[in-house]
Amino acid sequence: MVEFTLPKNSKITGKGKVHRAKKAKGAKLRKFRIYRYDPESPENPRVDVYEIDVRGVSMILDALIKIKNEVDASLSFRRSCREGVCGSCAMNINGANTLACTMGLDAAGSGDISIYPLPHQPVMKDLVTDLSNFFKQHAYIEPYLRAKTPDPEKERLQSHEDRVKLDGLYECILCACCSTSCPSYWWNGDNPGGEEYLGPAALLQAYRWILDSRDELTNERLDRLEDEFKLYRCHTILNCAQVCPKGLNPAKAIAEIKKLMVNRPDGRGETESKPASAKTKEHA
Ligand code: SF4
Ligand code: SF4
Ligand code: FES
């Protein structure tokens, strides 16, 4: 039985700081309650309240940037593209994992807005989590094309029909919203040196390469997922599909891999365990 042990100093205690907005005519004020943690301080985490004028601010990320620029430069968070493409601004907003750059203030209701780091990951500072384990798991599924046949003179071609089969899989931006909202991943996702559940993001990508008509190591890929933890700790709770900001369905991909495991032929031929839909290898 796994036991949760909260790291020392991880509980939110005491009162956070309150930053009030200056009164201004016509100001549209909103309050943000933001998790703060400083690894260099002996103090436990706290929640600070920032009241700001949100006129001209449309997205949650814009509000965070305004707070950092105008109120408190010590607030730390990740962001890069501001377009829902890089995945770096993933955080927990009003109780759900999502991207701060694609969530509008209007989608956060009319009350105060609570912002926390992604759940169940080590916090490095404020809203910045350590995703080393998440990316190690992504590397484990070997997220690149693998083939046994010699390289062709030019690229390995794929028919339009086979390419379309990857829709709903290739769009993942590795934001980690799904894995860090998965209760099974919370329990089983991090077991250094032992068996661990790879989580919905890594498994979605595993299926993306299993399904790719150009990839020739389907059986080896299935072998790497074949134990009690890596794949089978998904219990179809579907939090992953609910939160994915790109509208993907990792749970469905996981179910497809499970079906493939069951249908593996004893002979383990290289192409026999491809799903029927992926067996065609016509090249355009
Ligand atoms: S469906 Fe599977 S991967 Fe998705 S949240 Fe549930 S247990 Fe996790
Ligand atoms: S599947 Fe969706 S939620 Fe999960 S990492 Fe990819 S984009 Fe993010
Ligand atoms: S800043 Fe890139 S996804 Fe939000």
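**Helix packing, ligand shells and domain contact**

In this predicted model, helix H5 passes helix H8 in a left-handed crossing. The axes of these two helices come within 8 Å of each other and cross at roughly 55°, and H5 and H8 are therefore described as oblique to each other. On the side of H5, the contact is made by Pro 200, Ala 201, Leu 203, Leu 204, Ala 206, Tyr 207 and Ile 210, whereas H8 contributes Pro 250, Ala 251, Ala 253, Ile 254, Glu 256, Ile 257 and Leu 260. When the residues of this contact are sorted by class, 13 are nonpolar, none is polar and one is charged.

Helix H5, which spans residues 199–211, also packs against helix H6, which spans residues 218–225. The axes of H5 and H6 come within 9 Å and cross at roughly 160°; because of this angle, H5 is roughly antiparallel to H6. The crossing of H5 past H6 is left-handed, and the residues that make the contact are Ala 206, Trp 209 and Ile 210 from H5, together with Thr 218, Arg 221 and Leu 225 from H6. This contact is made up of four nonpolar residues, one polar residue and one charged residue.

A further partner of H5 is helix H2, formed by residues 132–140. The axes of H2 and H5 come within 9 Å and cross at roughly 20°, and since angles under 35 degrees count as roughly parallel, H2 and H5 are therefore roughly parallel to each other. In this pair the crossing is right-handed, with H2 passing H5. From H2, the contact involves Phe 134, Gln 137, His 138 and Tyr 140, and from H5 it involves Gly 199, Ala 201, Ala 202 and Gln 205. The contact of H2 with H5 divides into four nonpolar and four polar residues, with no charged residue.

Ligand 2 is surrounded by 14 residues, of which the closest are Cys 172, Cys 175, Cys 178, Ala 201 and Cys 244. H5 gives the most to this shell, supplying three residues.

At the level of the whole protein, the domain assignment gives two domains, with domain 1 covering residues 18–129 and domain 2 covering residues 132–272. The centres of domain 1 and domain 2, taken over C-alpha atoms, are separated by 32 Å. Where the two domains meet, 14 residues of domain 1 are in contact with 10 residues of domain 2. Strand E5, formed by residues 96–99, provides the largest share of the side of domain 1 that touches domain 2, with four residues. Sorted by class, this side of domain 1 has seven nonpolar and seven polar residues, and it has no charged residues.

Terms used:
Residues numbered from 1 in each chain as written. Chains lettered and ligands numbered in written order. Predicted model: local features only at pLDDT ≥ 70, side-chain atom pairs only at ≥ 80, totals over all residues. Domains from an automatic or database assignment. Contact = placed C-beta atoms within 7 Å. Nonpolar A, V, L, I, M, F, W, Y, C, P; charged D, E, K, R; others polar. Near = placed C-beta within 6 Å. Axes fitted to C-alpha atoms, helices over the stretch in contact; angles between N-to-C directions. Parallel < 35°, antiparallel > 145°, perpendicular 65-115°, else oblique. Left-handed = near helix turned anticlockwise from the far one by under 90°.
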